[in-house]
2 protein chains.
Amino acid sequence: MLQISNRGNAMPASPIRKLVPYAEAAKKRGLTVYHLNIGQPDIETPKQIRDAIHNADFKILEYTHSAGLESYRKKLAQYYQGVGINVDHNEIIITTGGSEAILFGFMACLDPGDEVIIPEPFYANYNGFAIAAGVNVVPITSHIENGFALPPIEDFEQKITSKTKAIVICNPNNPTGYNYSEAEMQKLKQIILKHNLFLFSDEAYREFTYEGKQFSAMHLSDVDDNIVLMDTISKRYSACGARIGAFVTKNKQLLDATMKFAQMRLCSPYLEQLAGEAAIDLPADYFNDTKAEYQSRRDLIVKRLNAMEGVFCPNPGGAFYAMTQLPIDDADVFCQWLLEDFSYQNQTVMLAPATGFYGTKGLGMNEVRLAYVLNLDAINHAMDCLEAALKVYPGRTINK
Amino acid sequence: MLQISNRGNAMPASPIRKLVPYAEAAKKRGLTVYHLNIGQPDIETPKQIRDAIHNADFKILEYTHSAGLESYRKKLAQYYQGVGINVDHNEIIITTGGSEAILFGFMACLDPGDEVIIPEPFYANYNGFAIAAGVNVVPITSHIENGFALPPIEDFEQKITSKTKAIVICNPNNPTGYNYSEAEMQKLKQIILKHNLFLFSDEAYREFTYEGKQFSAMHLSDVDDNIVLMDTISKRYSACGARIGAFVTKNKQLLDATMKFAQMRLCSPYLEQLAGEAAIDLPADYFNDTKAEYQSRRDLIVKRLNAMEGVFCPNPGGAFYAMTQLPIDDADVFCQWLLEDFSYQNQTVMLAPATGFYGTKGLGMNEVRLAYVLNLDAINHAMDCLEAALKVYPGRTINK
């Protein structure tokens, strides 16, 4: 019989997107649905970027260099230098979204059966990339009680085997919002040096830190060959649909290998590379304004969540996600119920069940991820819905 | 020691792009280089497509549906119906280039160690996707003597093992320009039904057939579950840099699995999906004009090539490539020599050595692929260069 592949069967549905059909049905029934499930900001893509598209001067939509437009890479190197990351444009490969940078890293550094350690909860699509690449994810649990700080180094040591080739972090973290400290990064440096591992650092949310600055993996010294920076313009400039990211490393051998993967798919989209290039020239206060907006949203959502009975939300130091414990039996059931069976003043809220962000089965059953990507008014409405829902949800674990 | 992966080492450099540094050096020395190495047409992207970009009305460059904009998929289904392919928009997943459609197909249908049969010479990047997916390519040789027609069915039967999961064809073919007949397609149908195989049909060059029409894999009846159409707007609309393709199948289980790979990378680039959508509304004569242009280029290049001593170029029935036998010792050495050590009237020509298009080591040593993507004048100049080069190349095999 004609069959699809085992990896096709093993591939998880996105916890962020799998409930979309229920949201669509809710909207068809006339409900307003507040989308806190996905990191799609409501903040406008800067006009300078839109202008770059509208004024793009081309007769032929041509292939670019497989590593990306040289002019863009040169500008991007300037951007990195501005955040204390000393790279040359030849150490950058433009990728089709941060997604592709992650996939390239897995493919160029690991073989099928190799292992990659990732603190959980983690960005769910790391699972997908690992399955696509035939790589095994070994999760190390971080805990909501201490705000999802880096787990103790001993936990890493325990999990390292001869198959371990890399550690992945996301900093500031999606889904937890945790911002790794310099001390934590130094601990990671010791462990990757001791065990000859790559450190893949997904820094999509670099600018969005609310207490202190981000410490990049590329700020670590004397460990150049081990570090791969995975980046994207999606969140930084509210340009998720651009699909423009970057794979950055000073490891020459790895760059050469990754270039062959880049050649395989020819190039990243031309027009959005222009968008990325235009973004580098944004005024310096662009991030101040955006960050202030996200910070006020964070402050509101955390306050609203912690004011609900039985709810605990640690204060996230960065990114725009809040991982939250709810008094519920099953986050997947709850999030679907919110869309299928609940409404409050003709509105409801869409959340991402946390189970999909854990590699360990059974964890995250009473947690959800909320993306504070909507404005304060919408967040208040969404929190009104959640508060009302928790009072009547049949699977609530308090006040039954 | 820190090491990259075996697949990173095994990944081939693109035969189309690996000589780029030599071409860049030649240009720095002041030479004009005619690029017949890569399928990057000089034909303008239609104004309607450029207008769609310049007038794109958006405030936020948002994620699209992982399967692509619904409006685009609906239009694309219309396009397919117009070429006799009866698909619904729900049977289409928009991909980031045809490249991603091929990668998704390999990943969703085959597991590491599985085998895919491909008539050689074949589009070199199939090798890259196979290595990325851990899949083994089993080549079946087609021959320049009969214009690279489909090899006899017995050759396929001989190579089929318990590991064989799919056959890949490109029709019209890159790099050979061969246009598979309906009779050949019916033979393929029998073999995929008999052995329960998928047929991946890369139809990037559908419109560019010069004698008769293309017969799509999706024109085959009663074999819906086995067929995957892999497509792209790159060549059709001279929009290679858009990176917009499509994965099309009526196999529901395969669609569901492939959607999970699509969710993994979130979506294809938003702006170029608008480009793809605008393309569907091009006037009906768009392809007539473009095809007539390519046909006159084909006629010229084939005539010029066959007029050279010791050169044989079968007349390609489609696409815009000519696979050609030259009186040379080693195509890789020759193509590099053209860029490094040769010039004619301050000009030279860049070709793709055929070796990278064969899976069988040692084949294609005296063949090159020429992409007739430049105008008639440029083709004449390029042919003047090639003719002069073949008279003085140290590794020539005639008139030494």
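This is a predicted model: local features need pLDDT of at least 70, side-chain atom pairs count only at pLDDT 80 or more; totals for chains, interfaces and linings use all residues.
**Entry 1**

I traced the strand order first. Chain B holds an open sheet of seven strands, and I read the order as β2-β8-β7-β6-β5-β3-β4, with mixed pairing. I then looked for the edges. They are β2, residues 92–95, and β4, residues 136–141, of chain B; each of these strands pairs on one side only. For the twist from one strand to the next, I noted an average of 25 degrees.

**Entry 2**

I next examined how β2(B) is joined to β8 of chain B, residues 245–248. Four bridges link the two strands, which run antiparallel. To place one residue, I looked up I94(B): its bridge partner in β8(B) is A246(B).

**Entry 3: a helix on the sheet**

I turned to helix α6 of chain B, residues 125–133, which packs on the sheet. I found that α6(B) touches β3 (115–120), β4 and β5 (164–170) of chain B. The direction of α6(B) makes about 150 degrees with that of β4(B).

**Entry 4: the contact between the chains**

I recorded 65 residues of chain A in contact with 65 residues of chain B. The largest share, seven residues, comes from α9(A). By residue class, I noted that this side of chain A divides into 30 nonpolar, 23 polar and twelve charged residues.

Definitions and conventions. Residues are numbered from 1 along each chain as its sequence is written. Chains are lettered from A and ligands numbered from 1 in the order in which they are written. Two strands pair if DSSP finds at least two bridges between them. Axes are lines fitted to C-alpha atoms, for helices over the stretch in contact, and angles run from 0 to 180 degrees between N-to-C directions. Two residues are in contact if their C-beta atoms, placed from the backbone, lie within 7 Å. Ala, Val, Leu, Ile, Met, Phe, Trp, Tyr, Cys and Pro count as nonpolar, Asp, Glu, Lys and Arg as charged, and the others, Gly among them, as polar.
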